[in-house]
Amino acid sequence: MNENPPHDCQICPRLAAYRNTNRAAERDWFNAPVPCFGDPQAELLIVGLAPGVTGANRTGRPFTGDWAGDLLYATLAKFGFSEGVYDRTHMIGHIDDGLRLKNCMITNAVRCVPPQNKPVGAEINNCRPFLQARLASLPNLKLVLSLGKISHDSVLRATATKLKDAPFGHGVSYALPDFTLMSSYHCSRYNTNTGRLTTEMFENVFAGVRERLLK
Ligand code: URA
């Protein structure tokens, strides 16, 4: 199993139809399953929800061009997980901003943009084999950081862990057989605007990640 779906993946009919609509309207956009981005030797895998329509779906790189990405990439830089300068206008196939992740990779539980940012259960399930392949192909993986409950639950299901044994919460952490799962509220515009997640809370999660990786 490949860790990235094919460019014209047809597994989820609703997502394939939405992609066709977006392709017709915005020919310069990526409009395809967004591949993982980062260091193939990473100890840390960050798992988001799904590409935003004008963010990763446009640019082709997870979280790039999204509000959520502004916070995520700033935090990665602050905690030493990137080098170079994140440019939110970076687009795959155009001029590369040169950003590189260090000891970190980013992916999404669902690789295609879903309408209204809401994947349905079947789509999350359909995409899980790619998440499983991603997890399996990181030889140094120690820590998975899930952003939000959909990501958290999908990682648990990917590892055949019962959801009731590891409930989602901001700042929780669970030792799974092959890695530790830590979770945070998603760094979405909605969560930061409502104060559910502050920059300080998000940075505290990364302080915990950093500490664990140093052990
Ligand atoms: N962009 C992504 O790639 N993933 C998210 O979860 C949110 C925005």
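Predicted model: local features only at pLDDT ≥ 70, side-chain atom pairs only at ≥ 80, totals over all residues.
Residues are numbered from 1 along each chain as its sequence is written, and side-chain values rest on heavy atoms, with hydrogens and water left out.

The protein chain contains seven helices and eight strands, where helices (H or I, at least four residues) and strands (E, at least two) are DSSP runs numbered from the N terminus. Taken along the principal axes, a box of roughly 50 × 35 × 35 Å holds the C-alpha atoms of the protein chain. Of the 215 residues in the protein chain, 54% are buried, buried being under 20% relative accessible area, exposed over 50% and partly exposed in between (1.4 Å probe, protein chains only).

Grid points are joined across faces, edges and corners, and a volume is the space filled by probe spheres set on the points. The largest pocket has a volume of about 620 Å³, and of the 26 residues that line this pocket, Leu49, Asn117, His186, Ser188 and Tyr190 are the closest to its centre. At least two lining residues of the largest pocket come from each of α3 (67-78), α5 and α6, with α6 giving the most, three residues. The lining of the largest pocket comprises 11 nonpolar, 10 polar and five charged residues, where Ala, Val, Leu, Ile, Met, Phe, Trp, Tyr, Cys and Pro count as nonpolar, Asp, Glu, Lys and Arg as charged, and the others, Gly among them, as polar.

Two cavities of 30 Å³ or more are found in the whole structure. The largest cavity holds about 110 Å³ of space, and of its 15 lining residues the closest to the centre are Cys9, Cys12, Leu15, Cys112 and Cys127. Helices α1 (13-25) and α4 (121-136) each supply at least two residues of this lining, and α4 gives the most, with four residues. The lining of the largest cavity divides into 10 nonpolar, two polar and three charged residues.

Five aromatic pairs are found in the whole structure, a pair being rings of Phe, Tyr and Trp (its six-membered ring) with centres within 6.5 Å, and with planes under 30 degrees apart counted as stacked, over 60 as edge-to-face and the rest as tilted. The pair of Phe168 and Tyr185 is tilted, because the ring centres are 6.2 Å apart and the planes stand at 55 degrees. Phe168 lies in the loop between α5 (149-158) and β7 (173-175) and Tyr185 in the loop between β8 (180-184) and α6 (189-193), so the pair ties together parts that are 17 residues apart in sequence. Phe168 counts as partly exposed, at 22% relative accessibility. In contrast to that tilted pair, Phe202 and Phe206 form an edge-to-face pair, with 5.2 Å from centre to centre and 70 degrees between the planes. Phe202 and Phe206 are four residues apart in helix α7 (residues 199-214) and are therefore separated by about one helical turn; both residues are buried. Ring pairs link Phe202 and Phe206 with Phe79 and Phe81 into a cluster.

Arg210 lies over the face of Phe81, at 4.3 Å from the ring centre, and Arg61 lies over the face of Tyr73, at 5.7 Å from the ring centre; a charge sits over a ring if NZ of Lys or CZ of Arg is within 6 Å of the ring centre and within 35 degrees of the ring normal.

Most residues other than glycine have a negative phi. Phe63, in the loop between α2 (56-59) and α3, has a positive phi near 65 degrees and is buried at 4% relative accessibility. Asn103, in the loop between β4 (100-101) and β5 (104-108), likewise has a positive phi, near 60 degrees.

Terms used. 1 Å grid on protein atoms, 1.4 Å probe; cavity = no way out; pocket = protein on both sides within 12 Å on 5 of 7 lines; lining within 4 Å.
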